[in-house]
Amino acid sequence: MFNTNALYSQQQHQNMFDMSSHNKTSSESDHEIKSGNETNMDYAEAPSGEDQDPNPRPKKKGFHRHTQLQIQEMEAFFKQCPHPDDKQRKELGRELGLEPLQVKFWFQNKRTQIKAQHERHENSILKSENEKLRAENIRYKEALSNATCPNCGGPATLGEMSFDEQHLRIENARLREEIERISGIAAKYIGKPVTSSHNNSHSLDLGVGGGNYGGTQSSTGMVGELYGGSGGGGDLFRSLPPIPADADKPMIVEVAVAAMEELTRLAQATHPMWVPTNHLSETLNEDEYLRTFPRGGGIGSKRPLGYLSSEASRESAVVIMNHTNLVEILMDVNQWSTVFCGIVSRALTLEILSTGVAGNYNGALQVMTAEFQVPSPLVPTRENYFVRYCKQHRDGTWAVVDVSLDNLRPSTISRSRRRPSGCVIQELPNGYSKVTWIEHVEVDDRAVHTIYRPLVNSGLAFGAKRWLATLDRQCERLASSMASNIPAGDLCVITSPEGRKSMLKLAERMVMSFCTGVGASTAHAWTTLSATGCDDVRVMTRKSMDDPGRPPGIVLSAATSFWLPVPPKRVFDFLRDENSRREWDILSNGGLVQEMAHIANGRDPGNCVSLLRVNSANSSQSNMLILQESCTDSTGSYVVYAPVDIVAMNVVLSGGDPDYVALLPSGFAILPDGPDQNNGGPMLDVGSGGSLLTVAFQILVDSVPTAKLSLGSVATVNSLIKCTVERIKAAVICDSTT
């Protein structure tokens, strides 16, 4: 708290100085300053002669109480002019029947009152903000003190912290900015700099160790309960983009505001800005775009460089989620990378420039980096360094926009950059929202494999339709997980809502783990083997230690992609059907597969989670269980599965924690081979209505993490995946010709 008595004393000295400057007597300058409607006046004359008291006592000073009319007039004058000069004081005193000195004292007292009120208000705000900062510091110190080593379980050192170190760094930067701002406010009122408390808080200054980098923590709401996993934010970036310097932040804000304006106008624009196509709802007229937006969303008005091609698309849909939860998913890097795990292979929030206002994300601004993928090792990933800005418009709609910040990285040559891209969200009744999604990027896609070029060039691979179809499917999945009145039906292995939710959460982690190993990203914990003996199969390895979600040992991941002259839906239905599993699944040894549990995940019957039992002729495998999730939308499909332990699965089915069930997922990603231009005729070539199928396996080749990887293990995995591919080709092509 500030010393208001000192300020009051300084005002008294100022009053004395003002009076002496007008040649007033010393007795006049010795008056007390009173506030309110009293003015100090001493009109008593000193007695003389024999009337003098031999022991004189100081007489009590008289006070003049102003009338209500005088106070009202001076209050009104004060609002217009709080510092009247001599002429104004005399004129006001003559009108009100007051001495100029009385008027002067009243205005001095009024100014002192106002200043004291402002100080009390600022002190209250400063105290409240300091309490918040102190509470956050205590919370993070407690988190650090409780952190454990991921290897030994003991107390962690700074270099092996299991706590989210990057989140701490971001919060530290925000705390420093808050403290500096408070110090600046305080210095303005007490006249000298205030020493910031963060100078002594070295316990929060963490260096980046060998642990994971993450983004902001997930919220603990309805969405965060399901999408609260680590997502892509926990993966280590090989080369982190720079955190923006303070000098760059005004430019970042300017770029974000321009991008938001462009996104909003593009969402509302019609022809000729957007042109209908036969495979996408709409594509952008680039010439019209450059005429309308010469600044190009803040990243330059020039056309793409010679090696960059432009992709732009727009799509709208109604999804079963309210606007608040949608905005939360988009602004939380963990939830965002989890919901879009098939598209976002890794993501990280580098710095939060604004957290929003009024307790929501309106005005939130964060600098991010992310890598986007197609589920195939044959399509290079796209890495972007961008700012994300969230805004609530006057009509109640919300918008979230991304735009690249490549101009802050002059030393790098961008292979992909985002022009203003994102979505506009309109609230609808009954918890639904209308979402308009826009994707506008410039990219160098020359390294894309030949069989994937029709898909990528059409915009289906990374375009708005894929983003929105994924969001729609995930919203249905979330609604299914939150439902509590679904009957068990004939498959009554799941006996409680808790068991249903645990099984869904386990399946979600399985799909996320599959997506981290199926694409072309090399930023995860996998190590790509350069010489595998098979050019069209990518093989990676990782050592699993003390990870309750994976069995300990050496894990191999193998993936390959190929084209099938069969429609994607037919391939999807074949692979997800337990009755046809023995035709391709070598590990089931031709045994009969029975569905033990089934959870529907959306309107399409192909969106479901199943628990399968393999009744193999081999007695040692007669009790093997397989957890499987299949999901499909208009842009692609997945069938992901993993063998699970019976004892652990019983814990999950009874509502236990699924995070400690060890999984090694394998499966398939099925994409169309391009725009659907086949009008019922024969499929002769890629892009004519066939499928692009990616097969990926994760296999434990040695239960000892420190063991050396043998070439025989790699050869076995190569043989397994090639044999599976041949079986699938034989089965689906034969079926399609009969």
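Which residue follows α4, and is its phi positive or negative? The residue after α4 is Gly97, and its phi is positive, near 75°. The model discussed here is predicted. Its protein chain contains 17 helices and 21 strands, and 49% of its 738 residues count as buried.

**The chain overall**
- The protein chain has an accessible surface of about 35,300 Å², and carbon and sulfur atoms account for 52% of that surface.
- Take the contacts in the protein chain between residues at least 6 apart in sequence: 67% of these join residues at least 24 apart.

**Helix α4**
- Helix α4 spans residues 86–96, and its buried residues are Arg89, Leu92, Gly93 and Leu96.
- Viewed down the axis of α4, these buried residues fall within an arc of 100°, so they line one face of the helix.
- An α-helix has 3.6 residues a turn, so residues three or four places apart point the same way.
- The exposed residues Lys87, Lys90, Arg94 and Glu95 sit on the face of α4 that is turned away from its buried side.

**Strands β6 and β7**
- Strand β6 covers residues 344–354; nine of its eleven residues are buried, so the strand is largely enclosed by the rest of the structure.
- Strand β7 covers residues 365–372 and is joined to β6 by eight bridges.
- The strands β6 and β7 run antiparallel.
- Among the residues bridged to β7 is Val344, whose partner there is Phe372.

Note on methods: Residues are numbered from 1 along each chain as its sequence is written. This is a predicted model: local features need pLDDT of at least 70, side-chain atom pairs count only at pLDDT 80 or more; totals for chains, interfaces and linings use all residues. Side-chain values use heavy atoms; hydrogens and water are left out. Helices (H or I, at least four residues) and strands (E, at least two) are DSSP runs, numbered from the N terminus. Buried means under 20% relative accessible area, exposed over 50%, partly exposed in between (1.4 Å probe, protein chains only). Contact means heavy atoms within 4.5 Å. Accessible areas come from the Shrake-Rupley method with a 1.4 Å probe; for residues, only the protein chains shown count as cover. The arc is that of the directions from the helix axis to the C-beta atoms. Two strands pair if DSSP finds at least two bridges between them.
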